[in-house]
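I opened this entry to keep track of what I looked up. I went from strands to cores to domains.

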Amino acid sequence: MAKTLKKAADKTLIKRLYFYIQPFVGYIALAIALSLAVAYLGTVRPKLTQIAVDDYIAFDNFEGLYTVILLLFGALFGEFILLMVNTYLTRWFGQNALYSLRSAVFEKIQSLHVQYFDRSPIGRLITRTTSDVEALSELLSDGVVAIIGDLFRIFFILYFMFSMNWELSLVTIAILPVLFYATFWFKERVRVSFLKVRDQISHLNSFVQEHINGMKVVQLFNREQYQHEKFQKINQKHKEAHVETIFYFSIFWPLVEVFASFAMALIVWYGGGRALMGGVSFGVLLAFIQYARQFFQPIRGLSEKFNTLQSALASSERIFEVLDTEHQINTPDNPSVLKNPKGHISFKNVWFRYNDEGNWILQDICFEVLPGEHLAIVGATGAGKTTIINLILRFYEIQKGSICIDGIDIRELELSELRTLFGLVLQDHSLFTGTVYENISLGNPEISMAKVKKAAEDVEASRFIKKLPGEYEYVLQKQGSALSMGQKQLICFVRALVYNPLIMVLDEATSSVDSETEALVNIASKKAMKGRTTIAIAHRLSTIQDAHTILVMHKGQIREVGNHHELLEQENGIYRKLYELQYKDQSVQV
């Protein structure tokens, strides 16, 4: 039963892989035709040898022998030309198929919900996009065509052998049942080994990616030796998985060579005896020896392609696992449209938790932000502040209640339309390799250099950008490692503003900047936020004192609501305690 299910799964995977080479089916047909011609030219040479020996050399007919020699050279040259064209053609459409598959995987990864990345190591996703796709290279490039070519070659060899002497042909192929049994034995074991190898490559990539990103922490706490030991264990498992495949290959390939040599010995023993008795001509015996050598080459080639197929199927299982991941955040079939969006946000009895069995992160949250108002959210770490931001942008789906913009539930809006309403600045800087301009515009052709410069001037970011070599054409590397934390944050701030969002969302936007830069950002942001609905999460209470409304959260609940002065009037309030902690050397101004 398990084998039947596995075969069915393999057929499904092959059909799905065929989708990516289907656009090149005409070129594949041409490649198969060329393979047929190559197979024929390769197998006709021993037959020509037999004709040369039996029909011309045996009778001292040198004129006819020259004709056969010319035919042999013609077959060799034709095989060379056709093989060269066929190799280029198969590699060409194979790489195009890989291009499409790799693009599909990356596009899928970009469309997945944020919660998927919470539980999927980044290194594993990198493996799916790179080495797992690359493992399909040989199969999609020339695997299928080569398999058909090898089958043609076997057919032509058997045709010529049986046309010359059927008894000697049966002796030659007598070893095949044992070889087929060995191949099936090899198949069952090597498939499992390839799956283990792909798993270990994923673990290895995940570990390396995480620890390179966290190298400063590793070195700061002198944990190099400890992490090296952990890496050695993962590396050991990776090596053992590869060694297991090597073990099976070390048995199978010599076994094929032994079978080929044994078949050759049978031909010499039986054919030589028949030749001595006059039952077989010397030319036929010589041709059979050549055919015996050729016969096991395509069989060996089929075995190699079979191994390639096993490796490819192991990788494709993981690739299609990503492609088949269901979207937990979906756009409705008939989405509502915000004809004249104003930026009115309301939370109505919202409950949320990250998984069905976990604790509630938000409990019965209700609040409202009118168009153009500034809402601030404060509270201790883990109170649920950032979760509110993630829910407004539909990075996660709520379990109870509703979140509305201008009276329309955000679940009824198209995702792309919803997110174009927002400008987002996070405390984590997301910069990419590329110029300052490219990092701000994100490749949007509608964002001109003039718009970028205007937005940079509004938040005072132009001061440091103009000092960079090349200014806005300065190329950032490795998350903008050459810039200060404050400069990175300012670039992210410009990126949010240049899209002219209706709603501005700031999640600890000034947490990584110094006091001088914070002051510049605060002044510029007030100008930029004028007329926009704004939601700001902040630890520094100095940045939110002008907010129309402040929500004070504690353990997933809204505990206090009011403006800065109203909250300070509550003597035992949470907000007042937070304020006193930050300004303990100053008297509270109510």
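I started at Cys404, and I found Asp409 of strand 5 opposite Cys404. This is a predicted model, so I keep that in mind throughout.

Next I checked how strand 4 and strand 5 (residues 408-409) run. They pair in the antiparallel sense, over two bridges. Two residues sit between these strands in the hairpin, and Asp406 takes a positive phi near 55 degrees there.

Then I looked for another partner of strand 4. Strand 4 (residues 400-405) also pairs with strand 1 (residues 345-352), in the antiparallel sense, over five bridges.

I turned to the nonpolar cores. Which residues touch the most other members of the largest core? I noted Leu179, Phe288, Tyr291, Phe295, Phe296 and Ile299, in a core of 43 residues. Several helices give two or more residues to this core, including helix 3 (62-111), helix 9 (176-213) and helix 11 (224-276). Helix 12 gives the most, with ten residues.

I took a closer look at Phe296. Leaving out residues up to four places away in sequence, Phe296 touches Ile175, Leu179, Phe259, Ala260 and Ala263.

I also found a second, separate core, with 33 residues. Among them are Ile377, Ile389, Leu393 and Tyr396.

Last, I looked up the domains. The domain assignment gives domain 1 (1-164) and domain 2 (345-587). How many Å lie between the C-alpha centres of domain 1 and domain 2? I wrote down 55 Å.

Methods:
Residues numbered from 1 in each chain as written. Predicted model: local features only at pLDDT ≥ 70, side-chain atom pairs only at ≥ 80, totals over all residues. Heavy atoms only, no water. Domains from an automatic or database assignment. Pairing = 2+ DSSP bridges. Helix = DSSP H or I, 4+ residues; strand = E, 2+ residues; numbered from the N terminus. Core = buried A, V, L, I, M, F, W, Y, C linked by side-chain atoms within 4.5 Å. Buried < 20%, exposed > 50% of the residue type's maximum accessible area, 1.4 Å probe, protein only. Contact = heavy atoms within 4.5 Å.
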